[in-house]
Amino acid sequence: KAKRATALITGSTSGIGHDLAKGFAAKGYNIVVNGTRKEGYQIAEQLKLEHNIDAIYLPANMKNADELNTVVEKTLEKFERIDVLINNAGVQYVAPIDEFPIEKWRDIIDINLTSAFVLSKAVWQQMKKQHFGRIINMASVHSLVASEYKTAYVSSKHALIGLTKVLALEGAPHGITVNSLCPGYVRTPLVDKQIHNQAKYHNISEEDVISKILLTKHAIKEFVTTDTLTELTLFLASAQASTISGTAIPIDCAWSSS
Ligand code: NAD
């Protein structure tokens, strides 16, 4: 019997990553849940029960290359293949440049960018052997446009597009596609924290932060939903998407059109 396809999703203990894990489990993928939080064990158990697939939680800090390499080793020990790598874990820090701590800059570059390089490198040989691989990077509209006070985030997400393009070229002869999704605002704990901080900083209500700051950039005055991201990611992971590679797809309510 053919083995089930396996998806490793970083940062899948919360927000977008957690919803992607549920969507891929519902489609019959075995799932490697990853993150830094204890809930990961419970999330993996729940995916197994609800979707009749196999799932494990492999915690790792995105800042630690050894831990990331171990995640891939353990994934292959357990599932013997890895079809989809979703580099989703990411963090944000907002401050004007003259107040931006260099440690925060380094953390964000490590977590949002270097981890994607390390994990892509770690899965590469196996994906080549399979002559099939899908690497999907959760980039951002901030891969395409800038906003003030987000030096590290915007830089890391722009660079992720560069990584995506290079790996698309290197993967092409081996059946490996590499793409990036560039979402606008999605209502997750990461964004809730920003809403809370901006409300305090500007001394306005959280509703005003949403309507007067966040969604002003969206031509379509809505948050992007994780359903949209899940459906698109599932398509990019499918066999039908074999000719789509090296892209940075905006899902940004037309933010980057202006
Ligand atoms: P979130 O804060 O809800 O979840 C982030 C996940 O990353 C968590 O599972 C957390 O455990 C994990 N993580 C953070 N630091 C880690 C570390 N050092 N090691 C291992 N795991 C770590 O965030 P989210 O909103 O779901 O964001 C997911 C991705 O989507 C990020 O890359 C983010 O930049 C991107 N994104 C989010 C939005 C948005 O509006 N929410 C928009 C564009 C892009």
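At what angle do helix α6 and helix α7 pack? Hello everyone, let me start there. What you see is a predicted model, and in this model helix α6, residues 189–202, and helix α7, residues 206–214, pack at an angle of about 100 degrees. Their axes are 9 Å apart. Angles of 65 to 115 degrees count as roughly perpendicular, so α6 and α7 are roughly perpendicular to each other.

Who makes that contact? On the α6 side you will find Val 191, Ile 195, His 196, Gln 198, Ala 199 and His 202. On the α7 side there are Glu 206, Val 209, Ile 210, Ile 213 and Leu 214. Sorted by class, this contact of α6 with α7 has 7 nonpolar residues, 3 polar ones and 1 charged one.

Please keep α6 in view, as we turn to the ligand. Which helix gives the most to the shell around the ligand? That is α6, with 3 residues. Helices α1 (15–26), α5 (151–171) and α6 each supply at least two residues of that shell.

There are 30 residues around the ligand, and the ones that come nearest are Ser 14, Asn 88, Tyr 153, Val 186 and Thr 188. By class, the shell has 15 nonpolar, 13 polar and 2 charged residues.

Now for some individual atoms. In the side chain of Thr 188, an N or O atom is 2.4 Å from an oxygen atom of the ligand. Asn 88 has a backbone N or O atom that lies 2.7 Å from a ligand oxygen. For Gly 11, a polar backbone atom is 3.1 Å from an oxygen atom of the ligand. How much of the ligand's accessible area does the protein cover? On its own the ligand has 820 Å², and the protein covers 94% of that.

His 18 is found in helix α1. Take Ile 43: His 18 and Ile 43 are 25 residues apart in sequence, with 8.3 Å in space from C-alpha to C-alpha.

Glu 80 lies in the loop between α3 (65–79) and β4 (84–87). Glu 80 is not a glycine, although its phi is positive, at about 65 degrees. The other loop runs between β5 (133–138) and α5, and Tyr 149 is found there. Tyr 149 has a phi near 75 degrees, again a positive value in a residue other than glycine.

Terms used. Residues numbered from 1 in each chain as written. Predicted model: local features only at pLDDT ≥ 70, side-chain atom pairs only at ≥ 80, totals over all residues. Heavy atoms only, no water. Axes fitted to C-alpha atoms, helices over the stretch in contact; angles between N-to-C directions. Helix = DSSP H or I, 4+ residues; strand = E, 2+ residues; numbered from the N terminus. Parallel < 35°, antiparallel > 145°, perpendicular 65-115°, else oblique. Contact = heavy atoms within 4.5 Å. Nonpolar A, V, L, I, M, F, W, Y, C, P; charged D, E, K, R; others polar. Near = heavy atom within 4 Å. Polar contact = N/O pair within 3.5 Å; in protein donor to acceptor, adjacent residues only side chain to side chain. Areas by Shrake-Rupley, 256 points an atom, 1.4 Å probe, with all protein chains shown as cover.
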